[in-house]
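Biologist: I have a new model on my screen. Please show me how to read it, one feature at a time.

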Amino acid sequence: LERHLRKDFVADGAWPAFFDAISRHYDAVDQEIHLLGNALEVSSLELTEANQKLRVQAEQKRALLRGVINSIPDLIFFKTPESVYLGCNRAFEEYLGVPESAILGKTDGNLMDAGSAALSRNICRELLELNRTCVNEVWVTYPDARRVCLEMLRMPYSSLDGQALGMIAIGRDITERRLAEKDLLESEAYARQVFTELAHQKYAL
């Protein structure tokens with residue numbers, strides 16, 4: 001303010017007190033600006049550290065979930081309503097013979113034969129339309145030519161507001177159970193056949 005006054009201006013009377021009050025006011029404002037700058041810097045640092053901490057926690061949870069999913073021997077995969085793959089576990093990778101990176105973003109038509117792809121799409125569409133769980137059995141062939149019977153559990157999953165987000169599927173290997181049941185049925189049929197033949201021989205005597 002003093003710089004803008006005339007050179008022959010004489011600060012007498014109440015002017016010195018006025019200039020002193022103005023100076024103290026601007027000093028206080030400068031101090032507040034300095035404190036505010038420090039506070040913003042601290043807040044920014046704290047916010048950055050909090051974001052980094054949340055990111056680390058999210059990555060740890062994601063790694064834990066991935067570890068759990070990959071440790072499950074059942075086939076697990078999930079898709080969008082349009083049947084586009086969003087993710088899977090290691091067992092499903094083994095079934096298709098390709099890594100997850102080659103599965104993400106693909107559809108059944110890109111990964112399976114035409115018949116299997118059409119069946120999978122129809123099941124996915126039906127369970128999403130009816131909003132219900134579907135269980136069925138299917139024989140599949142692995143890349144090493146193994147034939148495996150899978151019990152497939154498919155279920156829709158939705159957002160908190162009820163919007164359909166896609167489908168989750170779990171395939172359990174029940175080959176041994178089905179083969180054991182087949183052996184049991186064959187054994188029972190053979191036993192009935194032997195019993196019938198023995199009965200005929202007895203009456204023939």
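Modeller: Start with the names of the elements. DSSP runs give helices (H or I, at least four residues) and strands (E, at least two), numbered from the N terminus. Ser83, for example, lies in the loop between β1 and β2. Residues are numbered from 1 along each chain as its sequence is written, and side-chain values use heavy atoms, leaving out hydrogens and water. The model is predicted, with local features needing pLDDT of at least 70 and side-chain atom pairs counting only at pLDDT 80 or more, while totals for chains, interfaces and linings use all residues.

Biologist: What is the mean pLDDT of the chain?

Modeller: pLDDT is the predictor's confidence in each residue, from 0 to 100. Where it is low, the predicted coordinates should not be read in detail. Here the chain mean is 79, and 76% of the residues reach 70 or more.

Biologist: How many bridges join β4 to β5?

Modeller: Nine, between β4 (residues 147-158) and β5, running antiparallel. Leu153 faces Ile170 of β5, Arg154 has Ala169 as its bridge partner, and Met155 stands opposite Ile168.

Biologist: Which residues in the turns and loops have a positive phi?

Modeller: Gly162 has a positive phi near 90 degrees, in the β4-β5 hairpin with its five residues between the strands. Ala145 sits in the turn of the β3-β4 hairpin, also with five residues between the strands. Ala145 is not a glycine, yet its phi is positive, about 80 degrees. Ser83 is not a glycine either, and its positive phi is about 70 degrees.

Biologist: Are Ser83 and Ala145 buried or exposed?

Modeller: Buried means under 20% relative accessible area, exposed over 50%, partly exposed in between (1.4 Å probe, protein chains only). At 5%, Ser83 is buried. Ala145, at 57%, counts as exposed.

Biologist: Why does Lys79 count as buried?

Modeller: Because its relative accessibility is 0%. Lys79 lies in β1. Its side chain makes polar contacts with the side chains of Asp108 (2.9 Å) and Ser120 (3.2 Å). A polar contact is a pair of N or O atoms within 3.5 Å; within protein, one must be able to donate a hydrogen and the other to accept it, and residues adjacent in sequence count only if both atoms are side-chain atoms. Not counting residues up to four places away in sequence, Lys79 also touches others, including Tyr85, Tyr157 and Leu165.

Biologist: Which residues have the most contacts inside the largest nonpolar core?

Modeller: A nonpolar core is a set of buried Ala, Val, Leu, Ile, Met, Phe, Trp, Tyr and Cys residues joined through side-chain atoms within 4.5 Å. The largest one here has 22 residues, and Leu75, Phe77, Phe92 and Tyr95 have the most contacts inside it. β1, β2, α2 (90-96), α4, β4 and β5 each supply at least two residues. α4 gives the most, with five. Now select Leu75. Leaving aside neighbours within four places in sequence, its contacts include Phe92, Tyr95, Leu150 and Ile170.

Biologist: Last stop, helix α1. What does Asn70 touch?

Modeller: Asn70 is in α1 (residues 15-71). Beyond its neighbours within four places in sequence, Asn70 contacts Asn89 and Arg90. Asn70 counts as buried, at 18% relative accessibility.

Conventions
Two strands pair if DSSP finds at least two bridges between them. Contact means heavy atoms within 4.5 Å.
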